[in-house]
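The structure is shown first.

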Amino acid sequence: MQVFGLIGNPVGHSVSPPMHEAAYEVRGLDARYVTFEPEPGSIERVLAGADALGIAGLNVTIPFKEDVASAVDTDPLAGRIGAVNTVAFEDGPTGYNTDAAGVVRALEHHDVTLSGRAVVVGAGGAGRAAAFALADAGMDVHVANRTVERAETLAAAVPEASSGGLDGLADALSDADVLVNATSVGMESDETPVPKAALHADLAVLDAVYAPLETRLLADAAEVGATTVDGAWMLLFQGVEAFEIWTGRDAPVDAMNEALRDALSS
Ligand code: NAP
């Protein structure tokens, strides 16, 4: 039996186990997906232990994504992002960032053309992944963040990117094609990081927040006629990409989506 898993702290409410185990069932794999909650600061021992135990792959979430990026060899994209959310144990651990593919594949799944201008709100882990992914896809990226210095630092690392604070969002969005909320604003609340007046019908809006599925931002975006993509699509496609890295096989996207949405609604 192969063992995959998730390390984070906390991971109690993770919906990744049912999503991945649905894929193992459809593909006939003898595999399990389990969650681990190690203590912060223990990442070297955790990775060595997982490798020694023959664990086949790990997802990584808060607060370990940056620690793991420093502790393992990474693929070039994860290295540029500076955060790892997927580790494959082949000849030792290799780190990947599938949040980036999660953003791109979620938008493409909704027939969003990735050209023109993208505004990424947020400069933490999800914001970094979104900014690099959309720039690599060919978009001009603007990063807006509450702490402007973090937006500036990220934009300096992303080719052709610009940066600003949240107060410049209306200007930045006026000619934008894609908006990604990569802040935690809207998580379990009715708040939005983007004023409704800055939204318009030519935008595709992806919210990384997935609880609730319809955030205030997405409700506002739908009201002005924008295309909306909820955070479960990003969560799905980061998992799809991880499954494909680990197994070398196409993921059963529909089954994973169904299991994920069941888990999110229960
Ligand atoms: P993070 O590294 O802690 O970054 C948090 C970001 O949110 C920062 O840009 C921060 O701005 C901003 N922020 C926090 N509170 C704010 C407020 N009150 N007003 C304005 N900005 C605020 O977190 P992360 O890992 O990037 O995650 C961000 C969100 O994305 C979370 O909700 C997470 O669940 C979600 N996420 C979803 C997926 C998915 O697959 N759907 C994947 C990864 C993450 P400052 O820099 O100013 O503090």
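The text below starts with the basis of the values and then turns to the ligand.

The model is predicted, so local features need pLDDT of at least 70, side-chain atom pairs count only at pLDDT 80 or more, and totals for chains, interfaces and linings use all residues. Residues are numbered from 1 along each chain as its sequence is written, and side-chain values use heavy atoms, with hydrogens and water left out.

**Ligand.** The ligand is surrounded by 24 residues (a residue is near if one of its heavy atoms lies within 4 Å). The closest are Ala126, Asn145, Arg146, Thr147 and Arg150.

| Residue | Distance to ligand oxygen |
|---|---|
| Asn145 | 2.7 Å |
| Arg146 | 2.9 Å |
| Thr147 | 2.5 Å |

Of the 920 Å² that the ligand exposes when taken alone, the protein buries 78% (Shrake-Rupley method, 1.4 Å probe).

**Aromatic groups.** There are 5 aromatic pairs in the structure, where ring centres lie within 6.5 Å, with planes under 30 degrees apart counted as stacked, over 60 as edge-to-face and the rest as tilted. Phe4, Tyr24, Tyr33, Phe243 and Trp246 are linked into a cluster by ring pairs.

**Helix position.** Ala48 belongs to helix α2, residues 43–53 (a DSSP run of H or I, at least four residues). Ala48 counts as partly exposed because its relative accessibility is 47%, and partly exposed lies between buried, under 20%, and exposed, over 50%. From Met1, Ala48 is 47 residues away in sequence and 20 Å away in space, C-alpha to C-alpha.

Conventions. Rings of Phe, Tyr and Trp (its six-membered ring) pair if their centres lie within 6.5 Å; planes under 30 degrees apart count as stacked, over 60 as edge-to-face and the rest as tilted. Helices (H or I, at least four residues) and strands (E, at least two) are DSSP runs, numbered from the N terminus. Buried means under 20% relative accessible area, exposed over 50%, partly exposed in between (1.4 Å probe, protein chains only). A polar contact is a pair of N or O atoms within 3.5 Å; within protein, one must be able to donate a hydrogen and the other to accept it, and residues adjacent in sequence count only if both atoms are side-chain atoms.
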